Amino acid sequence: MSAGAPAGAAGTARPGIVGARVQRREDPRLLTGRGSYTDDRKAAGAVHVAFCRSDRAHARIAGIDAAQARQAPGVLGVFTAEDIAAVARPIRATSNMPDYRATEFAPLARGKVRHVGEPVAAVVAGDRYLAEDAAALVAVDYDPLPDITDPEEALADRVLLHEDAGTNLIAAREFARGDVDGAMTGAALVVEDRFRIRRKTPAAIENRCYLAEYDAGRQALTLHGSTQVPGLLRDALAEIFDLPGHRLRVVAPDVGGGFGAKASLYPEEVVVCALAMRLGRPVKWTGDRMEDLTATSQAFDEIVRAKLALDADGRMVGLEADVIGDIGAYSIYPWTASLEPVQVVSFLPGPYRIAAYRGRVRAVATSKTPTGPYRGVGRPVSTFVMERLVDMAARRLALDPAEIRARNLVRDEEFPYKAGSGIVWDRAGFQDCLRMALDRFGYAERRAEQAAARGDGRSVGIGIASYAELTGIGSRISAAPGMPINTGTERATIEIDSTGAVTAAFGIASHGQGLETTLAQIVAEELGVRVEDVDIVHGDSAAVAHSTGTYASRSIVLAGGAATLSARSLREQVVKAASHILEAAETDIEMRDGVVSVAGTDASITLRELARAFYTEMRRIPKEARESLDLSASATYDPFFGTTTAATHIAEVEIDPQTFGVAVRRYVVAEDCGRVVNPMIVDGQVHGGVAQGIGAALLEEVVHDDSGQILTGSFVDYVVPSAAEIPDIEAVHLDTESPSTLGGYRGMGEGGTIGAPAAVANAVADALSGLDIQINELPVTPERLFRLIRNTEGNEGEPRHGF
Amino acid sequence: MKPPAFEYVAAESVEEATARLAEYGDDARPIAGGQSLVPMMNFRLVSPAVLVDIRRIAPPDAIGEADGHVRIGALTRHRALETSPLIRDRFPVLAAAMTHVAHLAIRNRGTIGGSLCHADPAAELPAMAVLLDARIHVARRNGERIVEAGAFFEGALWTALEDGEIVTRIDFPLLPPGTGWGFREFARRHGDFALAGAAATVTGSAGRAAEVRIALFGVGETPVRAAAAEALLTGTGFEPDAVAAAIDALRNAVDPDDDLHASADYRRHLAGILAGRALGDAWARAGGGAA
Ligand SMILES: Cc1cc2nc3c(=O)[nH]c(=O)nc-3n(C[C@H](O)[C@H](O)[C@H](O)COP(=O)(O)OP(=O)(O)OC[C@H]3O[C@@H](n4cnc5c(N)ncnc54)[C@H](O)[C@@H]3O)c2cc1C
């Protein structure tokens, strides 16, 4: 599919392990059905939860009658808010961001329901079938309250979702630099519009699933769950249940995708834990797709008014934006509801040189499913808006879209560059990515083909999108604004056991990224063993003392950094031990492929022999030396600021001028993700991300009716792309090293989703450039195109055929 | 998304199936491939107390030709229709339509009887039955009847079947030689139910269209024949004006609903575009009326 350049190997004497196309070690297991997901875990005596969920968007709970449900076959109990509140402290996502109002997120609805799908009661029965039968018997008496579905109306505060907050405005923020008003008035050209990407949902293939087991003898709680953040959950649950960490363990076994939706604390997690302790039996909840589409955190629901000012040469001089984020009903823990909308204004200036910027954001609560992190957070929207503005400007100035970008992208000599929102781009190949993408795409040729196709009455469009993102964020910057937890460090422990086997333990939680492979590559390279010699432990809060997990394009930078540091110090230990065993100077000891040898001699031992000498054959190393040695090393890595990742995407679409069906025909991504650990895995991440971005551009949309009912409650109605809708995607990698991270890595897990909506939107707009219409709303469905085109033709009748 | 408890019985014969269905009354439902019924049960949209499995009834040679008809057993799988040499030869339009039905895994299980009885307004097979004037054989305890396709579909997910009745066979009358065909649908994704679709056959004679049939689906409660448009085109040489008049007539005749995926206006627009394309294909395949 892809023709990524082989990375890392060129120019070094020995082909590096880092940079090699090592096959994913998790694949044989996952592809042959031998993975082990939470739902596969059988616990003796386990009971099952089904939730009675709100079918109202906004209502007061006047009463809950569970008598009939309690009598239903196989039912062990029906539990409501008070039962949980008795054992669990409430969840409140706090932030020290000014103008943020923390609201409570009760695991089971307390007093009020605020979105369709909100859990109201938990029914526990011998199996899920019986639990569902009984859940249907729980009678909730609702007093309807006015719905709050339109975010702009919600701002008027006529009806309050959280009365104790006193307003629906949950967060507000403004970034400003330079004289924006002056830039706007003095500009040769100002382009502006109101943009919207409709609400999306992450739709991981594995629905959420949790199994809590309480060992009453040890007073210890273990939660297995489909989560990206076992360490973060462990810390949160420790607070909620007031348990010490050594009696509380959170394990993420194989996890079938997350895309950010499994990176928060969920009510269902708290409920299964509380019930396991109360009932003394393992308690499992396996969410189904309907629950996933109504009660898993959703994404990207912003209205953005933005304008861009340029001089006569097409140089950007000012940018202004006003963002309203529809955050849904609750502020999700720990990220808070400000995460997504604030990132939109933070990243709006993109990779461009713009002196003056003002961005204002308001996050508004509505009676919809809570939003949360989703692959790309904020940047898919900011990139869509900015890249549309850039193309609109290019058109008005009669500049080629590639040329206007070349004029405005920050150039190599300008790094580090501080964007108007305060973000600092350390250094990345902004211009190089554009050039490489144009090159690989065959831009000039394709433009000629496009012109010819137009001549034949075909609507072909080409769209470019450039963006930059911050990845591998360290302790200096909070992953979400003002959040009181640390997401800027990761820890690794690497151990050589008495058999000589190498085990590297991390707190991150791979859920599709192939981190078992890439982290093993890094450890193997740094330590001097073969990839297959290294086992990776992850997804277990017991593995390291502190961790959060895998999200925000952080794992290869942070865990990779921790792997590098700990492997280096372990290697020193091995060298010391070997110098005793092989009776040679430490400087002469080499280690490669798991064999330790003395340079220039044939004296060598395997790691297995070395381990035996160290742990078992007690006379091989003197006692004093042994006691100061340890075949185990731990290290924590903190990239402090993080680093920049950049890319340019180019999409080519063809639109059927009569049905308005849009087909993506060609797709190229050129990206700078720093040093590439495994080009095959990077390609896979790019492909998947682009597919999700194409979904956002053309297909996916969570739809509510006026009363807040969710209309997209199944995959019949929530339309995700399938393989047939995704073209071959070519990814080219700019193989540079980040100056700011250990190892030179940059994060790249989200990028595909960031660039694709913008590139596809620009391509659609380009295809329709003969018409006077604006592509300012995604997904650009055939229905929307039909209405847009019919409206421009100024009649209510049939659009004329062809355009 | 788990169904409530139900009883399951497997019938070995039409007699046994209809007897069981009669015995349990409207608490019972036949199940064939389960590709529509099981999802509806999981959503608890239907909760039959008894499922009567009819799959064991199928005779092995479910597709055959006799008396000027191709006869298809109700339990014939979608995939068998798609790949049958006889269908490809006699009803290439039907073989082409089948490639648009769902995905391979579903086509391997779904049956023609199930698709007709489920009667989704956007499904391909009901439209084919209407286009090709299929005759639907229905059995009940101690009785049988034949329902013309045109009278079988009464509404969305609603047919002329009475409780206790099952479809056993569908007969498709052979088309005259030299009949051209066209099939076009528009779906948002490959394998999805169409937002709208059209199928046409044209039998040509000396440069004229001697017989024209157009069936539309996804644009109303049931698949429909576009009778006015058919009449306008019959006898013409498919001159652009004649086709345009037919398309206008057909757009005026359909009464689609708004839903999540498409507005009524857009569906009506699509119906015209797709019917125009299907008719163009059919006319070309009929040799431009040469035969
Ligand atoms: C993801 C997905 C996509 C799909 N896409 C399409 C599509 O694009 N186009 C399309 O046409 N279909 C589509 N389908 C539906 C599919 O074609 C079904 O197979 C078909 O509609 C039902 O056939 P079945 O044999 O599975 O019937 P079942 O599900 O077993 O039964 C369906 C209904 O018919 C009744 N029934 C079944 N057989 C008989 C009989 N012989 N006599 C009386 N009643 C009977 C049942 O009681 C039930 O009410 C899709 C299905 C899925 C799951």
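**Close-up views of a predicted model**

**Ligand surroundings.** An oxygen atom of the ligand lies 2.5 Å from a polar backbone atom of Pro30(B). A ligand oxygen atom is also 2.7 Å from a polar backbone atom of Leu37(B), and one is 3.2 Å from a polar backbone atom of Ala102(B). A polar contact is a pair of N or O atoms within 3.5 Å; within protein, one atom must be able to donate a hydrogen and the other to accept it, and residues adjacent in sequence count only if both atoms are side-chain atoms. The ligand is surrounded by 31 residues, the closest being Arg29(B), Pro30(B), Gly34(B), Thr111(B) and Glu124(B); a residue is near a molecule if one of its heavy atoms lies within 4 Å of it.

**Basis of the views and confidence.** The model is predicted, and local features need pLDDT of at least 70, side-chain atom pairs count only at pLDDT 80 or more, and totals for chains, interfaces and linings use all residues. Residues are numbered from 1 along each chain as its sequence is written, chains are lettered from A and ligands numbered from 1 in the order in which they are written, and side-chain values use heavy atoms, with hydrogens and water left out. For the complex, the predictor gives an ipTM of 0.95 and a pTM of 0.96. Chain B has an average pLDDT of 96, and 99% of its residues score at least 70; pLDDT is the predictor's confidence in each residue, from 0 to 100.

Strand 13 (residues 208-217) of chain B is mostly covered, with seven of its ten residues buried. Buried means under 20% relative accessible area, exposed over 50%, and partly exposed in between (1.4 Å probe, protein chains only). Strands (E, at least two residues) and helices (H or I, at least four) are DSSP runs, numbered from the N terminus, and two strands pair if DSSP finds at least two bridges between them. Strand 12 (residues 196-205) of chain B runs antiparallel to strand 13 of chain B and is joined to it by nine bridges; Thr203(B) has Glu211(B) as its bridge partner. The hairpin of these strands has two residues between them, and Ala206(B) in the turn has a positive phi of about 50 degrees. Strand 13 of chain B also pairs with strand 14 (residues 224-225) of chain B, antiparallel and over two bridges, with Ala215(B) and Arg225(B) as bridge partners. This second hairpin has six residues between the strands, and Gly218(B) takes a positive phi near 80 degrees.

**Strand 10 of chain A between two pairings.** Nine bridges join strand 10 (residues 189-197) of chain A to the antiparallel strand 15 (residues 302-310) of chain A. In this pairing Glu192(A) has Lys307(A) as its bridge partner. Strand 31 (residues 777-778) of chain A pairs with strand 10 of chain A in the parallel sense, over two bridges. Here Arg196(A) stands opposite Glu777(A).

**An open three-stranded sheet in chain A.** The strand order is 6-2-8, with antiparallel pairing. Strand 6 (112-113) and strand 8 (139-144) of chain A are at the edges with a single partner strand each, so one side of each has no neighbour in the sheet. Strand 2 (residues 59-65) of chain A is joined to strand 6 of chain A by two bridges, and Arg60(A) stands opposite Lys112(A).

**Helix 15 of chain A.** This helix (residues 515-527) has 13 residues and reaches 17 Å from its first C-alpha to its last, close to the 18 Å expected at 1.5 Å a residue. The expected span is 1.5 Å times one less than the number of residues. Twelve of the 13 residues are buried, so helix 15 of chain A is largely enclosed by the rest of the structure. Among the buried residues are Glu516(A), Gln521(A) and Glu526(A). Gly528(A), just after the helix, takes a positive phi of about 95 degrees.

**Asp391(A) in helix 11 of chain A.** Asp391(A) lies in helix 11 (residues 379-396) of chain A and counts as buried at 12% relative accessibility. Its side chain makes a polar contact of 2.8 Å with the side chain of Arg405(A).

**Cysteines of chain A.** Zero disulfides are found over all chains, a disulfide being a pair of cysteine sulfur atoms within 2.5 Å. Cys209(A) is in no disulfide, and the nearest cysteine sulfur, that of Cys273(A), is 13 Å away. Cys209(A) is buried at 1% relative accessibility. Cys52(A) is buried, with a relative accessible area of 8%.
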